[in-house]
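The following exercises are to be worked through with the sequence and the model in view. Each task is followed by a stepwise solution.

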Amino acid sequence: MAAHRTALITGVAGQDGIYLARVLLERGYRVIGTSFSLARHFPYLQGVELIAFDIRNTDAMSELLRRERPDEIYNLAAISSVGQSWQMAEKVAEVNGMSVLRLLELLVRLRDDLGYAPRFYQASSSEIYGMADQQPQDERTPHYPRSPYGTSKSFAHHLTVNYRESYGLYACNGILFNHESPIRPARFVTRKITRAVAEISLGMRDQVTLGNLDARRDWGSAADYVEAMAEMLQQESAQDFVIATGEVASIRDFVAIAFEAVGIEDPWAHVEFDAAYLRPADVPQTWGRADRARSALGWGPKVSLREVVAHMVQADIVRAKTGIEECRGYMFPNTVNDALGLTPATHRHECPSCAAGVAN
Ligand code: F7E
């Protein structure tokens, strides 16, 4: 069914865009990706047709849609850091909120003018639930966002529902709970921890400094979650889906699991607290119930948190040993195992990805 279909991924150079592009290419799609900067595209986006523009540039988006007419649009472009969203609240509202409104408006216009009606996926987030009383959270849980980020995602979420109901667009929200991978940037707590643990295990440093250790998250694997995104656009009619594992762990638990992966028995000797990492308001717990995705999409998580953490730590050990920050091999557990232990000099020749000319 996917053969000869074209997908557009906005924000393609982020963690999810990179994993989703891979899935869609494997399914036979032509994949076009936009990013405000293409600095990070190499070595992860081979096979993707890349275009650089800011998602706020509606004229560029209009021209792209008129020219390429993708069958499916995955709108992943966003400022994704909750912690930084207080420092740039207005920009977050513009990029994560207003851009979605403009894109939905554009889709209505294109349908009315040209009869062109692509399917639309909006990257919603568990951050829309924030302090919601209901645990676990599902598609019916009322929103109570706790940050400019969560608020912007809630705005975009409601608009997506509203434009579906008002204009009959095939538009849906993927309400993804936290999902991690070795290519998660280190501004997020998981990768900050796994990078530090890798370096501590190699004797390159001694400490990691963190904020709120009591927050609890429903953490899954990015590689698993992008499969659900692709499935959401293959349904008979559009609806919204929570994507979560149903398992919750605290930041404290995550720290313990990561140190355990390298055999360090007393993690707390290596952890410092700094109030600078506390947020003006935090979300104490996210916990999702993905029953709808399970029954309608046949989706369920395949990878446990322990496996994700082990994979992230392994990739960070290779990074620390080789000094090579970006390598396609880090995305896949088996490739990381093969690459482990290589010296910087041999990595590029012997790592399966780099040897294939995939890395820089
Ligand atoms: O924080 C606490 C922090 O920044 C997790 C994004 O992908 O998932 C992500 O949002 C928790 C918070 O992710 C540090 O206070 C402690 O309670 O890794 P995070 P997030 O805020 O959950 C959702 C679903 C998204 O949609 C977002 O785009 O960890 N924490 N110490 C810390 N957090 C950070 N970043 N750094 C610390 O040192």
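**Exercise 1. Overall fold**

Among contacts in the chain between residues at least 6 apart in sequence, what percentage join residues at least 24 apart?

Solution. The share is 73%, where contact means heavy atoms within 4.5 Å. The structure is a predicted model, in which local features need pLDDT of at least 70 and side-chain atom pairs count only at pLDDT 80 or more, while totals for chains, interfaces and linings use all residues. Residues are numbered from 1 along each chain as its sequence is written, and side-chain values use heavy atoms, with hydrogens and water left out.

Next, consider the dimensions. A compact globule of 360 residues would have a radius of gyration near 21 Å, and the 20 Å of this chain agrees with that; the radius is taken over C-alpha atoms, and the globule rule is 2.2 Å times the number of residues to the power 0.38. The C-alpha trace spans about 65 × 50 × 40 Å along its principal axes. Finally, 54% of the 360 residues are buried, that is, under 20% relative accessible area with a 1.4 Å probe and protein chains only.

**Exercise 2. Helix 1**

Is helix 1 largely enclosed or open, and which elements cover its buried residues?

Solution. Helices here are DSSP runs of H or I with at least four residues, and strands are runs of E with at least two, numbered from the N terminus. Helix 1 has twelve residues and reaches 17 Å from its first C-alpha to its last, close to the expected 16 Å; the expected span is 1.5 Å times one less than the number of residues. Nine of the twelve residues are buried, so helix 1 is largely enclosed by the rest of the structure. Among these buried residues are Tyr 19, Leu 20 and Leu 24. Their cover includes strand 1, strand 2 (30-35), strand 4 (72-75), strand 6, strand 7 and helix 6. Just after the helix, Gly 28 takes a positive phi of about 95 degrees.

**Exercise 3. Phe 120**

Is Phe 120 buried or exposed?

Solution. Phe 120 lies in strand 5. With 1% relative accessibility, Phe 120 counts as buried. Leaving aside neighbours within four places in sequence, its contacts include Ile 73, Leu 103, Thr 160 and Leu 233. Although Phe 120 and Tyr 74 are 46 residues apart along the chain, their C-alpha atoms are separated by 6.1 Å.

Key:
Buried < 20%, exposed > 50% of the residue type's maximum accessible area, 1.4 Å probe, protein only.
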